[in-house]
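These notebook entries record what I looked up in one protein structure.

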Amino acid sequence: MRRITRIATVGIASAALALSATACGGKKSSDAAASPSESGGQKSAAIAYDIGGRGDQSFNDAAYAGLKKAETDLKIKGAEAEPTDGEGEADKVQRLTELARKGNNPVIGVGFAYAPAIKKVAPKFPNTTFGIIDDTSVTGPNVANMVFNEEQGSYLAGVAAAKASKTGTVGFIGGVEVPLIKKFEAGFTQGVKDTNPNAKVLSAYLTQPPNFDGFAKPDLGKAAAQGQLDAGADVIYAAAGLAGSGAIEAASAKGKWAIGVDSDQYNQAGLAKYKDSILTSVTKDVSDSVFNLIKSVEDGKPTTGEIRYGLDKDGVGLADSNPKYKEMTDAIAAVEKAKADIIAKKITVKTAP
């Protein structure tokens with residue numbers, strides 16, 4: 001089920017071109033962004049995908065949806081750039097540089113892994129807005145940090161999982177053990193335990209940094225889920241990007257519940273054969289965050305700094321597309337109460353296990 005990552009379509013210019021300088025020691029050629037007239041007259045925006053690339057049915061696809069909406073509603077041209085297997089920081093720097101040099105504005109890095117590259121590239125293009133999703137570590141006058149309260153949505157998933165479980169054992173699978181994914185685990189576990197103190201939560205991570213295959217390889221997610229299912233789990237929540245599709249497949253094969261992440265995975269075409277087993281999904285409004293940043297640039301008022309999306313702004317949430325989930329009135333009521341209590345600050349959700 002592994003998806004073959006497409007080779008990057010942007011950033012293939014030679015190193016000589018990317019690094020060449022003008023004769024008098026002026027700006028590098030890569031530092032000069034093309035104007036709309038130089039790039040064909042049409043304004044354009046770009047996204048550089050995270051590990052797993054477009055087609056992951058999750059995080060990257062949510063970003064793509066925002067770009068497509070901008071193309072339709074704002075009549076702009078969208079550019080996309082894929083990651084390459086085993087790439088390093090220099091590859092990301094080159095990718096973002098090429099996207100900016102070609103006149104795209106904004107240029108959005110999908111995922112925290114782009115932080116070091118944006119820190120290097122953004123100062124070279126002061127008139128270009130750079131967006132980064134899931135990171136606040138890199139800042140600048142032309143940098144927008146689009147971040148989410150993933151722990152809040154995950155808490156709701158924990159409530160739903162505890163209500164849906166018949167065995168009292170549920171599973172969490174994280175793609176890579178990094179602080180961002182720890183937020184998912186923390187919220188989920190807290191939601192489960194607050195709902196059923198006697199419940200057992202099995203936790204597993206697919207890889208450790210600097211190995212990020214845990215976001216890209218469905219076979220890893222499938223194997224981890226099978227282990228948890230064998231240990232008695234009957235609800236599996238995976239925050240693992242493309243690898244999470246393997247966990248969904250494993251749960252479906254056993255007739256158990258899976259909980260999706262980032263996108264409403266019940267409605268993802270690539271997961272249609274497993275949809276009946278997708279109880280719900282923790283959603284992050286990545287699509288709107290991408291669209292809103294592009295629109296701010298088009299409106300001439302680029303948004304910069306931290307832009308946070310939480311339950312209070314419906315920036316995170318829990319999908320109810322599966323009719324079987326809607327029939328679980330007890331679970332629905334418990335989730336709605338938890339949501340209201342979090343927004344009212346009656347419940348403080350942990351951001352670390």
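The entries below follow the order in which I consulted the structure.

**Entry 1. The whole protein**

I note at the outset that this is a predicted model. I looked up the secondary structure and found 11 helices and 12 strands. The protein has 353 residues, and buried residues make up 55% of them. I then turned to contacts between residues at least 6 apart in sequence, and 69% of these join residues at least 24 apart.

**Entry 2. Helix α5**

From its first C-alpha to its last, α5 reaches 21 Å, close to the 21 Å expected for its 15 residues at 1.5 Å a residue. How many residues of α5 are buried? I found that 14 of the 15 are, so α5 is largely enclosed by the rest of the structure.

Two packed helices are described by the angle between their axes and the distance between the axes. I looked up both values for two partners of α5.

On the α5 side the contact is made by Gln152, Tyr155, Leu156, Val159, Ala160 and Lys163. The α11 side contributes residues including Asp330, Ala334, Ala338 and Ile342.

I then examined helix α6, residues 179-195, which packs against α5 at about 40° with the axes 6 Å apart. The two helices are therefore oblique to each other. The crossing of α5 and α6 is right-handed. Among the α5 residues that meet α6 are Ser154, Gly158, Ala161 and Ala162. Among those of α6 are Leu180, Phe184, Gly187 and Gly191. I note that Tyr155, Val159 and Lys163 of α5 are listed in the contact with α11 and also in the contact with α6.

**Entry 3. Helix α7**

Helix α7 covers residues 218-230, and its 13 residues should span 18 Å at 1.5 Å a residue. Its end C-alpha atoms are 18 Å apart, which agrees.

Which residues of α7 are buried? I found Pro218, Gly221, Ala224, Ala225, Gln228 and Leu229. They cover an arc of only 140° around the axis, which puts them on the same side of α7. An α-helix has 3.6 residues a turn, so residues three or four places apart point the same way. The cover over the buried residues of α7 includes the strands β6 (169-176), β7 (200-207) and β8 (235-239), together with helix α8 (244-253). After α7 comes glycine 232, with a positive phi near 105°.

Beyond its neighbours within four places in sequence, glutamine 228 is in contact with residues including Gly171, Phe172, Leu202, Ser203 and Ile236.

**Entry 4. Valine 290**

Valine 290 lies in helix α9, residues 286-298. It is buried, with a relative accessible area of 0%. Valine 290 and alanine 46 are 244 residues apart in sequence, yet their C-alpha atoms are 9.9 Å apart in space. Leaving out residues up to four places away in sequence, valine 290 touches Ile47, Ala63, Gly66, Leu67, Ile108, Ile133 and Met146.

**Entry 5. Backbone exceptions**

Most residues other than glycine have a negative phi, and most peptide bonds are trans. I searched for departures from this.

- A cis peptide bond joins asparagine 105 and proline 106, with omega about 10°; proline 106 is in the loop between α3 and β3.
- Proline 209 and proline 210 are joined by a cis peptide bond, again with omega about 10°; proline 210 lies in the loop between β7 and α7.
- Lysine 75 has a positive phi of about 60° and lies in the loop between α2 and β2.
- Aspartate 134 has a positive phi near 75° and lies in the loop between β4 and β5.

Are lysine 75 and aspartate 134 buried or exposed? Lysine 75 counts as exposed, because its relative accessibility is 61%. Aspartate 134 is buried, with a relative accessible area of 12%.

Conventions: Residues numbered from 1 in each chain as written. Predicted model: local features only at pLDDT ≥ 70, side-chain atom pairs only at ≥ 80, totals over all residues. Heavy atoms only, no water. Helix = DSSP H or I, 4+ residues; strand = E, 2+ residues; numbered from the N terminus. Expected span 1.5 Å × (residues − 1). Buried < 20%, exposed > 50% of the residue type's maximum accessible area, 1.4 Å probe, protein only. Arc of directions from axis to C-beta. Contact = heavy atoms within 4.5 Å. Axes fitted to C-alpha atoms, helices over the stretch in contact; angles between N-to-C directions. Parallel < 35°, antiparallel > 145°, perpendicular 65-115°, else oblique. Left-handed = near helix turned anticlockwise from the far one by under 90°.
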